[in-house]
Amino acid sequence: MTADAMGNAVVVGAGVSGLLAAHALARRFDRVTVIERDEFTDGEAAFRAGVPQSRHVHVLWSRGVAALNALLPGVVTDLEAAGAVVIEAPEQMRWLSPAQWFTGVPGSHYLSASRELLESTLRRRIADRSTITIMARHEVTGLVPARDAGAVAGVRLRERGTDEEEFTLHAGLVVVAAGRSSRTADWLHRLGYATPTTDRFDAHLGYSSRYYRRPAAEGGWKAMYVQGNPDLPRGGVIVPIEGGRWLVTLIGQGEHQPPIEEKDWLAFASSLRSDELSEALTDAEPLSDAVAFRATANEWTHFERAKRWPRGFLVVGDALCRFNPVYGHGMTVASLQAQVIADQISAREPVEIAARAREMQKAVAKCPQAAWMIATGEDSRYPGTDGPKPGRLGKMQQDYMSRVLSAANTDPVVSEAFFAVLSLNRRPETLLKPRIALRASRRRT
Ligand SMILES: Cc1cc2nc3c(=O)[nH]c(=O)nc-3n(C[C@H](O)[C@H](O)[C@H](O)COP(=O)(O)OP(=O)(O)OC[C@H]3O[C@@H](n4cnc5c(N)ncnc54)[C@H](O)[C@@H]3O)c2cc1C
């Protein structure tokens, strides 16, 4: 590879993880090219087919907010100026947990905005850097091996909507951030690498979402979350987003899939564990039809366990690990991975960065651990969940977590720790500390 090509990095996918990874890489690479199969509408916050999940509630937990601001100082102020809302949870919400309502307890905060606004704001900030190019309407079709086959030396790609031939872009580092539908394992297989294992827990959770005009008087709360539980696995969320709107998502598991038909929408909302959500919607004006999303399994493809790993290659974001979205962790994990990349490449030359790809893959793969533990631990409570069943220890942990949750509903000490974990600010083991265990042990589940 020429010295010129070694100074190039290619990122596949301009979603949240791709944009943030590109931003981190631009500190050490002469040129970063982000290849995105979709077209963009001039920096506007608009829906695009490559990110179908963007029409559903997307919250960024406080750890992600901090990571985003550390990577791109001032970006949260930009988002708020554009209409994003920071919400103290549960203080500024009505939140019915799988046990009871959270009442008078402190927690953490999250940023609520449409996923489109979040992405377009990041895109604008990142495209400002002269060394980053976003190549829209191009689809990556595979990887290019280096001559010695021990490295990835670039990608094959084609322009969409034209008859142009595929061509090659050489790079010292290729980062795949192509999301849930990524073909990374196939691409590696074609280069002679073993197929990595994928752990999977599927709670068969479905989303159905639509926009409403945000009413002038909001009844003393900014957002509402009525969660389901194993007795009634149906829930709903209302969050404020830019443009004076609410984004409302109904959630159901297994046979409780939420409808998209107008006539059934409010009926489903009325069937939750509380009437409060449907009452809030009764007089609100819908601004759109509902759309569904069903591919919500937790899946972790363990690239970090590969015995052989090519130099110059990294996988991040949903392409590496995707979560049941109901816990709201994917974008926070993507932000943490971008911070890890920034640390890992700091003070290193591109050739050295490419040589350390395996260590970097292991480092970014640590970021999903806590979110994975939370999502799969909770999902495996539901009998319809496909995946490994909890053993005796797992059941004891679930029982303990039920007590913690029940205590968190009304006990400020437990609530603070519970939300520190849920927002990924502290490790889940925090909840095993004696002062939490003592308070939780007094609760009935
Ligand atoms: C219904 C739903 C709700 C969610 N809610 C939340 C939430 O509340 N909070 C939260 O933190 N996370 C949430 N998530 C997760 C979140 O969407 C992702 O974790 C996050 O966006 C990171 O994704 P990504 O950038 O890795 O992939 P994506 O956002 O999927 O982006 C991948 C990009 O790669 C492009 N691409 C794919 N293949 C190619 C190719 N071959 N060539 C070129 N480009 C390609 C796609 O067009 C797309 O732009 C939710 C997910 C779902 C499904």
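Ala, Val, Leu, Ile, Met, Phe, Trp, Tyr, Cys and Pro count here as nonpolar, Asp, Glu, Lys and Arg as charged, and the others, Gly among them, as polar. The model is predicted: local features need pLDDT of at least 70 and side-chain atom pairs pLDDT 80 or more, whereas totals for chains, interfaces and linings use all residues. Residues are numbered from 1 along each chain as its sequence is written, and side-chain values use heavy atoms, with hydrogens and water left out.

**View A. Second largest cavity.** A cavity is a set of points, on a 1 Å grid over the protein atoms alone, where a 1.4 Å probe fits but cannot get out; lining residues have an atom within 4 Å of a point. Points are joined across faces, edges and corners, and the volume is the space filled by probe spheres set on them. The second largest cavity holds about 30 Å³. Its lining consists of His58, Leu60, Leu111, Ala113, Ser114, Arg115, Leu118 and Met331. Five of these residues are nonpolar, two polar and one charged.

**View B. Largest cavity.** Two cavities reach 30 Å³ or more, and the largest has a volume of about 60 Å³. Around the largest cavity lie Glu44, Ala46, Phe47, Arg48, Val51, Ser54, Arg115, Glu116, Glu119 and Arg123.

**View C. Helix α2, residues 16–25.** Helices (H or I, at least four residues) and strands (E, at least two) are DSSP runs, numbered from the N terminus. Buried means under 20% relative accessible area, exposed over 50%, and partly exposed in between (1.4 Å probe, protein chains only). Ten of the ten residues of α2 are buried, including Val16, Leu20, His23 and Leu25.

**View D. Strands β4 and β6.** In β4 (residues 85–89), Val85, Ile87 and Ala89 form the covered face, while Val86 and Glu88 form the uncovered one. In a regular strand, side chains alternate between the two faces of the sheet. Strand β4 runs antiparallel to β6 (residues 108–112), with five bridges between them; two strands pair if DSSP finds at least two bridges. Ile87 has Tyr110 of β6 as its bridge partner.

**View E. Surroundings of Thr301.** Thr301 belongs to strand β18 (residues 298–301). Thr301 counts as buried because its relative accessibility is 6%. Its side chain makes a polar contact of 3.0 Å with that of Arg322. Such a contact is a pair of N or O atoms within 3.5 Å; within protein, one must be able to donate a hydrogen and the other to accept it, and residues adjacent in sequence count only if both atoms are side-chain atoms. Leaving out residues up to four places away in sequence, Thr301 touches Pro196, Thr197, Thr198, Leu320 and Arg322 (heavy atoms within 4.5 Å).

Key
On a 1 Å grid over the protein atoms alone, a cavity is a set of points where a 1.4 Å probe fits but cannot get out, and a pocket is an open set with protein on both sides within 12 Å along at least five of seven lines; lining residues have an atom within 4 Å of a point.
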